[in-house]
Amino acid sequence: MGIYFLLLIVGLCWGQYNPNTLPKRTSIVHLFEWRWQDIALECERYLAPNGFGGVQISPPNENVIVTDPQQPWWERYQPVSYKLCTRSGNETEFRDMVTRCNNVGVHIYVDAVINHMCGANAGAGDHATCGSYFNAKTEDFPAVPYSGWDFNDHKCKSRSGNIENYHDISQVRDCRLVSLLDLALEKDYVRSRVAEYMNHLIDIGVAGFRIDAAKHMWPGDVKAILDKLKDLNTQWFPEGTKPFIYQEVIDLGGEPIKGREYFGNGRVTEFKYSAKLGTVIRKWDGEKMAYLKNWGEGWGFVPSDKALVFVDNHDNQRGHGAGGASVLTFWGFGFMLAHPYGFTRVMSSFRWPRYFENGKDINDWVGPPSNSDGSIKPVTINADTTCGNNWVCEHRWRQIKNMVIFRNVVDGEPFSNWWDNGSNQVAFGRGNKGFIIFNNDDWSLNVSLQTGLPAGTYCDVISGQKEGDFCTAVEVHVAADGMANFLIGNEDEDPFIAIHVDAKL
């Protein structure tokens, strides 16, 4: 009885850290601001066939419509109600997306905005995506319903009512984040309304949640909400499966609020990962790739099984949040997807017209590719499988897609056969399943290394890909003793090579 009870408790604790992806599907992609119908199509035609485990979607609940500036991306983070209608689609389209994606084994993770409602300056009226009436000045949100009793004004101790000092823990959690009306999550009524919204999404079939602005909520309040959540829908998930939880906690080490305070609720977003990796690969502050040998906990990151990691996200792409200046493209993705640390999320973006004044992009607010009526443009697919209509679709870039597959192939294999030249040429293996080598120096690399792989000829999945018995680009020959020679010029477009057992010719 005692052992059974212990196993039960361990199972419950582990539940919220488990991404609930299918076996050998080890990464999710953030399809930022995509329409639900485009995500459903992408699950079927591209994500499932290429081994993606799931999609993080933009907030699906009703938000205020901002017209100055014209419908910025951040209007999605200004809730008016928990009704499921946004510029990405209505509830019928949302249900269709969740069903179709689940049916091909690609799960949906909702960006849950539960810390606040819209900004105090959002006015009054029905300029919201479902047409619900609200009055931000009187804190009246009848579509929930919330009233002035349901906000934290009485608890906030700053003069303006906004967070003024990030070293004051109570201000960070009880005051308004950039004027957003801060919900009183200590009240059971508010917790119940939030849980009702999340349970509705669980009933529809979502697999988990990114908890937006978790740092701005007391960990105990978040836990009280999560304790009210149902198990996942048994149509697609085993009975008793808990929703996957990953909390947005920006902790770069300089403030009193720490990511570890939230471990009891689920994983946290490890922002130091993206900031530090960018610094290393850009060779700033004297950093070298050789120093990545103990990457992960050795760099002061949260434990691997508590971390959700990314090279860039929708905030720091735009210079917001953490690590904005150092974020990377597929260089960083290659390293992240090969290395065993953390649960990985790939960013898929859209283009916007960048315009810099005093080093700051003053167009960092620009929303997704849209028609004149504010509706989001569809994601069109070009003949070469890239995306049109100003959608970037990094997840479709050959190098990133192939590294998502690499990670699936080497899942569960140990970090092995590290090599470095003391500078910016490094290599490592994943047991006997995969091997990757980088040249980030200003000179060519020519070296023979132990790969740990079985003898044979392998296709480099960075420069090309295996098609039948052929490789469209560089081939790597592994000898009977596991050794292979690698040649990477410092001028190469992609100065790294990756091979794995499923790319053996």
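Student: What makes β16 and strand β17 count as paired?

Tutor: In this predicted model, β16 and β17 (residues 434–439) are joined by 6 bridges in the antiparallel sense. Two strands pair if there are at least two bridges between them, so with 6 bridges β16 and β17 qualify. As an example, Arg430 has Gly434 in β17 as its bridge partner.

Student: What lies between the strands in the hairpin of β16 and β17?

Tutor: There are 3 residues between the strands, and Gly431 takes a positive phi near 60 degrees.

Student: How do you know that strand β15 pairs with β16 as well?

Tutor: Count the bridges again: β15 (residues 415–420) and β16 are joined by 4, and they run antiparallel. The requirement is at least two, so 4 bridges are enough for a pair. Ser416, for instance, has Gly429 of β16 as its bridge partner. This hairpin has 4 residues between its strands, with Gly422 in the turn at a positive phi of about 80 degrees.

Student: Why is β16 called largely enclosed?

Tutor: Buried means under 20% relative accessible area. In β16 (residues 425–430), 6 of the 6 residues are buried, so the strand is largely enclosed by the rest of the structure. Both faces are covered: Gln425, Ala427 and Gly429 are buried on one side, and Val426, Phe428 and Arg430 on the other.

Student: Why is helix α7 described in that way too?

Tutor: For α7 (residues 271–281), 10 of the 11 residues are buried, so this helix is largely enclosed by the rest of the structure. Among the buried residues are Phe271, Lys272, Tyr273 and Ile281.

Student: What makes Glu270 a cap for α7?

Tutor: A side-chain oxygen of Glu270 lies 3.0 Å from the backbone nitrogen of Lys272, at the N-terminal end of α7. Just after α7, Lys283 takes a positive phi of about 60 degrees.

Student: Which residues of α3 and α5 make the contact?

Tutor: Glu91, Phe94, Arg95 and Val98 of α3 meet His200, Leu201 and Ile204 of α5. By class, the contact has 4 nonpolar, 1 polar and 2 charged residues.

Notes
Residues are numbered from 1 along each chain as its sequence is written. This is a predicted model: local features need pLDDT of at least 70, side-chain atom pairs count only at pLDDT 80 or more; totals for chains, interfaces and linings use all residues. Side-chain values use heavy atoms; hydrogens and water are left out. Buried means under 20% relative accessible area, exposed over 50%, partly exposed in between (1.4 Å probe, protein chains only). Helices (H or I, at least four residues) and strands (E, at least two) are DSSP runs, numbered from the N terminus. Contact means heavy atoms within 4.5 Å. Ala, Val, Leu, Ile, Met, Phe, Trp, Tyr, Cys and Pro count as nonpolar, Asp, Glu, Lys and Arg as charged, and the others, Gly among them, as polar. A polar contact is a pair of N or O atoms within 3.5 Å; within protein, one must be able to donate a hydrogen and the other to accept it, and residues adjacent in sequence count only if both atoms are side-chain atoms.
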